[in-house]
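Okay, thanks everyone, let's get going.

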Amino acid sequence: MSEARSFDAPPGDDFVYLAAFQQLVLERSHDLITVTDPLGTIVYVSPSWHTVLGWDTESLLGTVAIELVHPDDHTRARAAMRVARGGGEVEGTTVRFRSQAGNWVAIETTGSAIRDADGNVAYLLGTGREVSEREELRDRIRDIDALYRIADAIARMTGLPELFDEAVETLLDATDADRASVLLYDDAQTMRYIASRGLSEDYRTATEGHSPWEPDAVYPEPVLVPDAAASGFEPTLETAVLREGIGALAFIPLVHDGLLLGKFMLYRNAPHAWLDHEVRLCSTIANHLASATVRTRTRMALRDSREQLETIMSTVDEGIIVQSATGQIVYANDSAARVIGFESAAAFLAADRSEVLASFEMLDEDGSPLAADDLPGRRALRGETTERVIRYRHKATGEERWSVVRANAVKNATGEVALAVSVVRDVTESKVTERRVSFLTRTSEMLNATLDVEHTLGALATVAVPEFAGHVTVDLYDEGVLRCVGARHVDPAKTELMIELRRDYPPTVPEHPVQRAIATGEPQFVSDVQAQAESMAHDERHARAIHELGNTSGIVVPLAARGRTFGAITFGTVPPQPPFTASDLELAVEIGRRASAALDNALLFAEAQARARATEALEFVDDGVVLVDRGEIVRLLNPAAARTFGIKPAKAIGRRIDDVVPEWQTVRDRTAAALPPKSGTRRAELLPIDVKGSERWLSISAVPFPGGTVYAFRDMTEERAVEQLKSDFVSTVSHELRTPLAAIYGAALTLQRGDIRLEESQRSGLLDVISSEADRLARIVNDILWASRLDSGQMSIAIQSCNAASLATGVVDAVRAHAPATVTLSVEAPTALPPVAADLDKLRQVLTNLVDNAVKYSPDGGRVRVSVAQSGKRIRIHVEDEGLGVPSGEQERIFEKFYRLDPNLTRGVGGTGLGLYICRELVHRMHGRIWLVSDGRRGSTFTVELPAA
C-alpha cells in the first residue's frame, strides 16, 4: 500500500499546479525514468529505481548507465543510446539491469533526446518497466515451442534426416546458437553427420568421427566448451575448430536406455558460457531424438504424445487514469484508453463517462456484478487505497476483458482528496491463457485417461462448451462414412437440433468447411458462418436450420496422424460470445493435434494387441506349425500340427522329428528340393500323406532361421476337390455347349439342303430350334462371363432405388415366353411396397436365374410363384416351384461354384453349376442374403432378402 501524498498549489496558479501534478504522476509511476547526459552519465532517476531495483536514487547520480547493464546486452544498449543521441525514438528495447542486490532484472526501455534552446541534444531521457516475468515466460514459451516442434516433427517424420533437420532448426531458434549439427554412430561405430547448419564441408570432413565419449559409455554427460581456444583439443581437431571460426561448443549426447547413439552439437562464433537452461533443453530434446531414433530404426510405430502449452501473451503497458475530486477524468494515457476500447486518450476523454460505463457490464473476479461505487477509482476518491481484479464485458459485442486496477488517493494540504490515480494493467491475455492451459490440461487428461477415444471425444464436446466455444461437433469416420460421435450447443434445446442436422445433413457438401479441412488436411477458419450458410447447406431447409443455430464464426480442425484421417472437430461461436480470433485458431489446432495423437495411439495400441493376439492364436489356428532346432529336435508343435499327424504334443517335444513322424524324410526331401539357390524362403509343396489310412493333401512349406527350421502345414484336401470340380466343370461345359451346337448345326444343314423340299411349318420348326438353342448357348456363355467377372473383382455394383414388384413381373413375363405350357408362372406383390435398394441389372439377373431354374427343374410342370413382401426394413423375394426339390444333404453346397446335383436325382436336367453361385455372389454384393427351403422330395423355395431403399 502506498501512502497518499499532498501538495499545495496557490489558487489560480495553473502552471504551478500542473507542475506539481506532473511531478506527482512522475513519482507515482511504476516506470523507471532515467535522465543522462549525452555520454550516458546519470543525472536523474525516478523513485521507481528504488522500488523496482533497490537502488538508493542519490547513489546512482554520476554513474555511467552502461555500467548497470548486463555485459551481453551492452551492444543493444549502446545502439539504443546512439539512436537517441541522433534524435531518433527508441521503442521497446529490452536489456538486463543490475539490481542493488546483484541480480539481473529485465527492463523494457524507450528513449528520446531532450534538446536545449539551440536544438542541441542536452540530455537523454529513458523510461522503462520491469518485464522479467515476461522474458522468463518467453524463454519458457520458446523452450516449450521447441519441445512441441520436436514432438510434432517426430509425429509426422518420414525418416531421420527430415527429423534431425527440423531439430537443428529448432535448437538454433531456441538457444540463439550460431550453428548446430547432429551426428549418429554408423555400423562401424563412427560418428557421421546427419544434419547440420552453418558448417563447411571441410570442417565436417575433418571432425567426422570425433566424440568426447567412448562408444560404450553409459549415460555420458554433456561436455561444454565455453572457449574453443582454451579447450585443450588435440592439435588437428583444434586447428579445424579455430579455422572454422568457432568460439564455443556444446556436446550433447543422444542416449537411449544408457546406450550412446550419437551427439547434438551447438556452436557459438564467440566464447560463450553455456547456460543451464540451454543444456537442459538440449538434453531433453536429445532424449526425445534418441528415443525417436531407436523407434525408427526398429520400425516401431508407437510414438509418445507430449503435452504442450499454448503461447502466453506478453503483458501490455500499464494504463493511468486520473480523476478529480468530483469524479471527472482529467487525465488518461493512450494505454488506458486502449484497455477500455478507445483508439487514443483524446477519444476516451471526449466520450461521455456515463455512456462509457453503461456500455460495459462490470464484474468482480468471480463474475459477480460490481457496483460503480466499488470501483477502485471511486473508493480512492473516498480516501481508500484499493487493488482488485475487474472483469468487464462489452454489452454490444460480448467481448470480455480482465484488468488489475490499483487506485490511490492524492490529498491536498488540507488533507482532502484532490485526485484519484488509477493504474490499470490489462491481464486479459494471461487470464485467457490460464483458462486455456487449464482447458488443454483437462482435455489432455480426458484423452489420455482411456483408449476409448471415440467416447472421450464425444465428452470433449461437453467440456468445450461454453468454456471455449458456443457449440462443438465431433465427426469420425466409421467404415468410410462420417458419423457424428458428439455434439453440444450452449443452448440445450439446440443440441438436439445439431444432432438432428448432422444425421439428416451430414457434412458432405464439397464447400462445407469439414470437407475442405479433410481434403486439404488444413484447419478451416470461417469468420462469418451466416454468410456461407447457403454454400454449406444441402437445401433451403438445411440453410434455415444453420441460420437458426445462430453461429457467428467457426473453426474446423482435421483429425489426422501418420497419413490417416480420422475425422474433424468443429467449433463455433454464438452471441453474445465474440467471434473466434487467430489465437482461438491456435488453441483449436492444438486440441485437434492432441485428439489426433490420442486416436493414433488408440489405433496403434489396437494393432499391437492384434499382433499379440495373433501370436497367441498360433495355438488355435487350423494350420499346423512345427519348429525344429538345428539338431532336428522338436521345440514347438501346435495343436493343429498334432492333429495333422496324430501326435500328442507332450510326447513330441524334445524328440527327433523323424522319431515322431515316420514320413518326415519325405517331407524334408520335398521341401529341401523346393528351395531356390541362395534363397531363405521355400515355396510350399503339395504332398499326399497317409494319415491313419486316410489320404490327406497337405501344402507344406519350410522357413529356415539361425536356430533351426519352421514348417507350416495346410490341409488342401478340399482345394484338391475344388480342382476336381473345375475339371468336371470343363467337361460339363463342353457337353453343355456341344448339345446346343449340335442341334443348331443339324438344323442349319437341313435348311441348306436343296434336295429336300421342306414345308413352311418344317422350316419354321427348324428355325425355332436354332433360335432356342442359340438362346440356350448364350445363357451358358453369359453364366461363364458373370462368374469370371465376379472372380476377378471387375463386377461393379450401382445401388439405386428399384421397384421390386415391377422387376419381378418383367422377369416372369420374359421367362413365360419360352416356358413349357405345363408350367404356370405368377407374381404376387402388395400395392404399398417400398422400393428396394439394389443394382437393377444385377437383381434382374438373380431373379432370371432363379425363375429359369424353377422352370427347368419342374419337368412335370406345375406352378412357379414369385412373391414380393416387406420384412421390417428389408424386402424379401420368394421364388417357389413344385418341381423336383433339393435333397437335404445337398442343400448346404447348392450355392457353391461348379456344384451340380446328381443327374440321377434331376432326371438328366443338366447345367454348368454357376447359376446359383452367381445369385449368391450378386446378392451378397448388394448387402443382402439368399437361402433355400426344400423338404428334398417335392418343390423348392429360394428367398432373396435385400435392404429397403
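So, disulfides: the count here is 0. Keep in mind that this is a predicted model. As a reminder, a disulfide is a covalent bond joining the sulfur atoms of two cysteines. Two cysteines to look at anyway are Cys802 and Cys919. Cys802 has 5% relative accessibility, so it counts as buried. Cys919 is buried too, at 0%.

On to charges. In general, side chains of opposite charge can pair when their charged atoms come close. How many salt bridges does the count come to? It comes to 39, and I'll pick out a few.

Take Arg483 and Asp478. They form a salt bridge, with the closest N and O atoms 3.1 Å apart. Are these two buried or partly exposed? Arg483 has a relative accessible area of 33%, so we call it partly exposed, and Asp478, at 35%, is partly exposed as well.

Now Glu632 and Arg668. That's another salt bridge, again with 3.1 Å between the closest N and O atoms. Glu632 sits in the loop between strand 22 (624–629) and strand 23 (634–637), while Arg668 is in helix 24 (residues 664–673), so the pair ties together parts that are 36 residues apart in sequence. As for burial, Glu632 comes out at 17% relative accessibility, which is under the 20% cut-off, so it counts as buried. Arg668 is buried too, also at 17%.

Then there's Arg863 with Glu828, whose side chains meet in a salt bridge at 3.0 Å, N to O. This one links distant parts of the chain: Arg863 is in strand 30 (residues 862–871) and Glu828 in strand 28 (residues 823–828), 35 residues apart. Going back to Glu632 and Arg668 for a second, they belong to one network with Arg656 and Asp658, joined by salt bridges that share partners.

Next, Asp584, which is in helix 20 (residues 582–616). Its relative accessible area is 9%, so Asp584 is buried. What does its side chain reach? The backbone nitrogen of Thr581, at 2.8 Å. Leaving out residues up to four places away in sequence, Asp584 touches Arg436, Phe468, Ile555 and Pro579.

Last stop, the surface. Val43, Ile114 and Tyr123 make up a nonpolar patch there, and together they have about 230 Å² of accessible area. Tyr123 is in strand 5 (residues 121–130), and with a relative accessible area of 38% it is partly exposed.

That's my tour, thanks.

How values were computed: Residues numbered from 1 in each chain as written. Predicted model: local features only at pLDDT ≥ 70, side-chain atom pairs only at ≥ 80, totals over all residues. Heavy atoms only, no water. Helix = DSSP H or I, 4+ residues; strand = E, 2+ residues; numbered from the N terminus. Buried < 20%, exposed > 50% of the residue type's maximum accessible area, 1.4 Å probe, protein only. Polar contact = N/O pair within 3.5 Å; in protein donor to acceptor, adjacent residues only side chain to side chain. Contact = heavy atoms within 4.5 Å. Patch = residues over 30% accessible without salt bridge, like charges linked within 9 Å, V, L, I, M, F, W, Y side chains within 5 Å. Areas by Shrake-Rupley, 256 points an atom, 1.4 Å probe, with all protein chains shown as cover. Salt bridge = Lys/Arg side-chain N within 4 Å of Asp/Glu carboxyl O. Disulfide = S-S within 2.5 Å.
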